Amino acid sequence: MLLTLRTTIRPQLYSHLVRPVYRTKYVFPITNQFHSAITRFEEEEFAHKGSVQYKLRGKGRQFVDFIRVKAKGGDGGNGCVSFQREKYLAKGPPNGGNGGRGGNVIIRASADESTLKRLGRMCTAKPGQSGLGSGRHGTIGEHLVIEVPVGTVVREIVSEEPEEDEEQFNSKDDEEYEISDEEEKRRREERWVLYPRAEPDAVRSGRVNFFEQAEKLMDEEDKYHQWRLRTEKKELVEIDLTEDGQEIVLTRGGAGGYGNPYFLTTENRSPKWATRGRKGETKEVELELKTIADIGLVGLPNAGKSTLLGAISNAHPKQANYAFTTLHPFVGTVDYADQYQLTVADIPGLIRGAHRNVGLGHAFLRHVERAKLLVYVIDVSGPNPYEDLQTLQYELEAYRPGLTKRQSLIVANKADKAGTAKDNLALLQSQVDKSIPIIPVSARYEKNVIKLTSVLRKEVERIRAEEEEIKKQKLKELDEDEYDDDI
Ligand SMILES: Nc1nc2c(ncn2[C@@H]2O[C@H](COP(=O)(O)OP(=O)(O)OP(=O)(O)O)[C@@H](O)[C@H]2O)c(=O)[nH]1
Ligand SMILES: [Mg+2]
């Protein structure tokens, strides 16, 4: 919890007390302030105001599942211009070291992470070290490893503004475009490191301009570099990090510059220039966390989803008698006696119009999108449980068409409540499609929960087996195709 503690000692005011008194000021996170607002969740009231609560920004945001990040590889270190200088060796050979490569930006999935909250908007790896005299090359810059939760989808987006390198390259193609002297000087400074008092343009009569030769050499290399970048850029990165430890190199660091021995030729024995390191690659990516759980609980606010998760798993989500108690997803693990495990995701409540951003919106459905089994948690003591189910199904379809075709199950919660619960349950059973099983439970008093967990296990085991079968089938087909190709 965000808590700012400001203390001041005021001995003159509290001198009558023996111990000094500390004046304390608490600043509560924004989420607390929103609670009272969120409880009034009628559609009309929130329809046009937009969803603020789930998309809380800044410090008040406890859980982040979508973020845009700019990643930049470290710049390469500069090459060094240096000559061997020793006693009785007045004009020794060039011995400047090359610059080190910049570090890469790596994204790695880690089971220890559960939110993207810790990520900054700009991630830059360390630059490579510059080369030194006596042939000492610079060290490679440290890689920057960004750890994200398992289930994060990394998607590259095309940034609007063109990169500097690209602009330069395009302008080079344009023959009519003439470079001013100042521009040329700037470019030269960007690319070259010169020996003190070296004048590369001064050519002795009858000699070749060695610096021009070196520039041509680097132009060729630049062209190749730009071509490689452009061909690589065509394929945008899109990867789903579903396993612990899975990683991807997002941007590479820039190459280090060449030290002056690189420009040594048979004619020119003392090149007085070295190159600067290249800039690191930049990319902008969207990171979207889609929780991987076997079972996803969906329901209206206050239906008892969190209570149910607490009853069947090791998780202890907050449960309270007001709407939108849960503000971000929770994942719990159901442990069976034979060490079999299932993961269950509890998400905030859905209401009618969530696809139009009413209440908390419906973006959090990304956390049940991958679930093998969807569990509709319905309050049977409510006035019209069947209508609740229809609302849920409507909103799921609005989020992703076809999502309701997923294997599902209905938990008729709060069956313990006296009054309408019994009749409503009978009515619900008659109204709902027979293919979807209905299990009455009382999450609060843990009644019929054992039966529910065994049904959940059976269903998930069946789905897992089916998926295995499909995978095997696909592998077989692939093998057969390869075999055919060989023949
Ligand atoms: N009588 C009875 N009350 C229940 C049962 N299950 C949950 N409740 C109560 O219903 C209220 C809401 O429970 P939660 O688990 O917070 O509901 P939720 O679906 O997670 O709500 P949100 O997080 O706001 O979407 C709490 O006061 C629970 O004690 C039940 O089986 N029987
Ligand atoms: Mg809840």
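**From a loop to a helix**

D112 is found in the loop between β4 (105-110) and β5; strands (E, at least two residues) and helices (H or I, at least four) are DSSP runs, numbered from the N terminus. The model is predicted, so to speak of local features pLDDT of at least 70 is needed, side-chain atom pairs count only at pLDDT 80 or more, and totals for chains, interfaces and linings use all residues. Residues are numbered from 1 along each chain as its sequence is written, and chains are lettered from A and ligands numbered from 1 in the order in which they are written.

D112 counts as exposed because it has 8 C-beta neighbours inside 10 Å. Between the C-alpha atoms of D112 and K458, which are 346 residues apart along the chain, the separation is 29 Å.

Strand β5 also belongs to an open sheet of five strands, in the order β5-β3-β12-β7-β9, with mixed pairing. Two strands pair if DSSP finds at least two bridges between them. At the edges are β5 (122-124) and β9 (238-241), each pairing on one side only. Inside the sheet, β7 (residues 152-157) and β12 (residues 282-289) run antiparallel and are joined by six bridges. One of the residues involved is V153, whose bridge partner in β12 is E288.

Next come the cores. A nonpolar core is a set of buried Ala, Val, Leu, Ile, Met, Phe, Trp, Tyr and Cys residues joined through C-beta atoms within 7 Å. The largest has 51 residues, and those with the most contacts inside it include I295, V344 and Y376. Strand β16 (residues 373-379) gives the most to this core, six residues. Apart from it lies another core of 14 residues, among them V69 and A125.

According to UniProt, in an unreviewed entry, residues 293-461 carry the feature "domain: OBG-type G"; such annotations may be inferred rather than shown by experiment, and positions follow the numbering used here, with feature names shortened. Over residues 293-461 the chain is 28% helix and 20% strand.

Which residues of helix α8 (residues 421-431) are buried? They are A421, N424 and L428. Seen down the axis of α8, the buried residues fall within an arc of 65° (taken from the directions from the helix axis to the C-beta atoms), so they line one face of the helix. D423, A426 and S430, on the other side of α8, are exposed.

Conventions
Buried ≥ 20, exposed ≤ 12 C-beta atoms within 10 Å, placed from the backbone.
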